[in-house]
Amino acid sequence: MKRRIKVLAVIMAAVLMVSGAGSTLYENGVKADAKDTLKWNSAITKVKVKKRVALTVNVEASKVQWSVAGKNAATADLASANAYASVDHNGVVTGKKIGNATIVAVYQGQKIKRKLHIAGKKKIALDAGHQSRGDSRKEPVGPGSSVRKARVAGGATGVASRVPEYKFTLSVAKRLQKELKKRGYEVYMVRTKNNVNISNKKRAMLANKSGADIYIRIHADSSNSRAVTGASGLYPSKANRYVSKLSAKSKKLSSCLLKSYCKKTKIRNRGLVARDDLTGTNWSKIPVSLIEMGFLSNPSEDRKMQKSNFQTKMAK
């Protein structure tokens with residue numbers, strides 16, 4: 001009897017070995033015990049707007065119930081979707097809007113989650129020029145420079161509106177931030193309020209550190225003559241001792257911005273100007289452009305630029 005039981009045990013062990021019972025063959029040929037918990041195979045934590053990425057787990061993706069956490073809706077092609085992302089029945093996620101989304105995978109009663117950042121197509125750093133109070137202390141105009149300038153100037157004031165430049169530039173920058181996000185870009189704001197003290201050098205360094213692809217400096221012009229009007233784009237020249245390698249891309253950026261801006265607003269295009277004395281430009285490590293949006297010293301242009309609906313047009 002014992003011999004018979006022993007023989008049966010050997011046969012059963014052989015059958016189990018051949019059939020693979022007691023183990024599960026998972027995606028990519030990975031073997032794991034049936035008691036193993038559901039887990040992610042990939043370390044993906046980001047997807048760009050309008051881009052797709054496949055999340056994988058340690059079971060066949062089509063056997064998993066996929067969803068996006070929060071209020072969502074499913075379709076024939078999608079397992080789940082919300083404002084920020086969608087996921088199909090095979091775990092392929094598509095970014096829809098900048099923000100964060102949590103993807104949920106459920107299999108045989110087990111649930112795991114993965115938080116994804118939905119990133120913009122590109123990242124843009126915006127600096128609203130000036131601040132409520134200038135800082136006359138000195139800083140180097142560029143890396144290693146012996147030339148020193150005031151950390152940040154107070155800026156101009158509208159001759160007709162009496163609106164200070166620092167308030168005007170922040171108002172436009174916030175509208176531009178909103179417009180860029182709507183178009184699928186990530187935006188880094190160097191400042192979001194007026195009562196700050198951030199030097200021009202520090203502003204450039206913050207833009208560099210943000211991971212932005214380009215740096216746009218938003219300003220308004222002023223002149224001793226009230227008759228002068230128009231917008232201009234400032235960029236570093238090829239002879240710039242600090243950022244000459246950025247000259248070509250910065251010039252192209254300035255040209256594109258200025259043409260688009262003047263076409264939309266009908267403000268006169270004064271053209272591009274090479275400037276190598278701007279601290280906020282010389283400390284940049286990414287293509288940089290300073291846009292002078294118009295003259296606060298011209299009564300008509302000043303009044304026009306302060307109008308809410310016109311500022312919305314300026315941002316587009």
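**Stop 1: helix α3**

Select residues 200-209, which form helix α3. This is a predicted model. Now pick out the buried residues of α3: Asn200, Arg203, Ala204 and Ala207. Why do they sit on the same side of α3? They cover an arc of only 95° around the axis, and that puts them on one side. An α-helix has 3.6 residues a turn, so residues three or four places apart point the same way.

What do these buried residues pack against? Show the strands β11 (123-128), β12 (135-140), β13 (148-152), β14 (186-189) and β15 (214-221).

Next, step past the end of the helix. Glycine 211 follows α3, and its phi is positive, near 85°.

**Stop 2: the largest nonpolar core**

Select Leu126, Phe168, Ile218, Tyr261, Met293, Met305 and Met314. They belong to the largest nonpolar core, which has 27 residues, and they touch the most other members. Which elements each supply at least two residues of this core? Colour β11, α2 (165-182), β14, β15, α4 (247-265), β18 (288-295) and α7 (308-315). Of the contributors, α2 gives the most, with six residues.

Zoom in on isoleucine 218. Leaving aside residues up to four places away in sequence, isoleucine 218 touches Leu126, Asp127, Ala128, Gly129, Thr169, Ala173, Leu176, Ile291 and Met293.

There is also a second, separate core, of 24 residues. To find it, select Leu38, Val49, Ala101 and Ala105, which are among its members.

**Stop 3: α4 and α7**

Show α4 and α7 together. How do their axes meet? They come within 8 Å and cross at roughly 145°. The crossing of α4 past α7 is right-handed.

**Stop 4: salt bridges**

The count comes to six salt bridges.

- Select aspartate 135 and arginine 137. Their closest N and O atoms are 2.9 Å apart, and the two form a salt bridge. Aspartate 135 counts as buried because its relative accessibility is 8%, under the 20% cut-off. Arginine 137, at 48%, counts as partly exposed.
- Select glutamate 179 and arginine 183. This salt bridge has its closest N and O atoms 2.8 Å apart. Arginine 183 is partly exposed, at 41%.
- Select aspartate 277 and arginine 275. The closest N and O atoms of this salt bridge are 2.7 Å apart. Aspartate 277 is partly exposed, with a relative accessible area of 34%. Arginine 275 is partly exposed too, at 30%.

**Stop 5: the whole chain**

Zoom out and show everything. The protein has seven helices and 18 strands. How many of the 316 residues count as buried? The share is 45%.

Terms used
Residues numbered from 1 in each chain as written. Predicted model: local features only at pLDDT ≥ 70, side-chain atom pairs only at ≥ 80, totals over all residues. Heavy atoms only, no water. Salt bridge = Lys/Arg side-chain N within 4 Å of Asp/Glu carboxyl O. Buried < 20%, exposed > 50% of the residue type's maximum accessible area, 1.4 Å probe, protein only. Helix = DSSP H or I, 4+ residues; strand = E, 2+ residues; numbered from the N terminus. Arc of directions from axis to C-beta. Contact = heavy atoms within 4.5 Å. Core = buried A, V, L, I, M, F, W, Y, C linked by side-chain atoms within 4.5 Å. Axes fitted to C-alpha atoms, helices over the stretch in contact; angles between N-to-C directions. Left-handed = near helix turned anticlockwise from the far one by under 90°.
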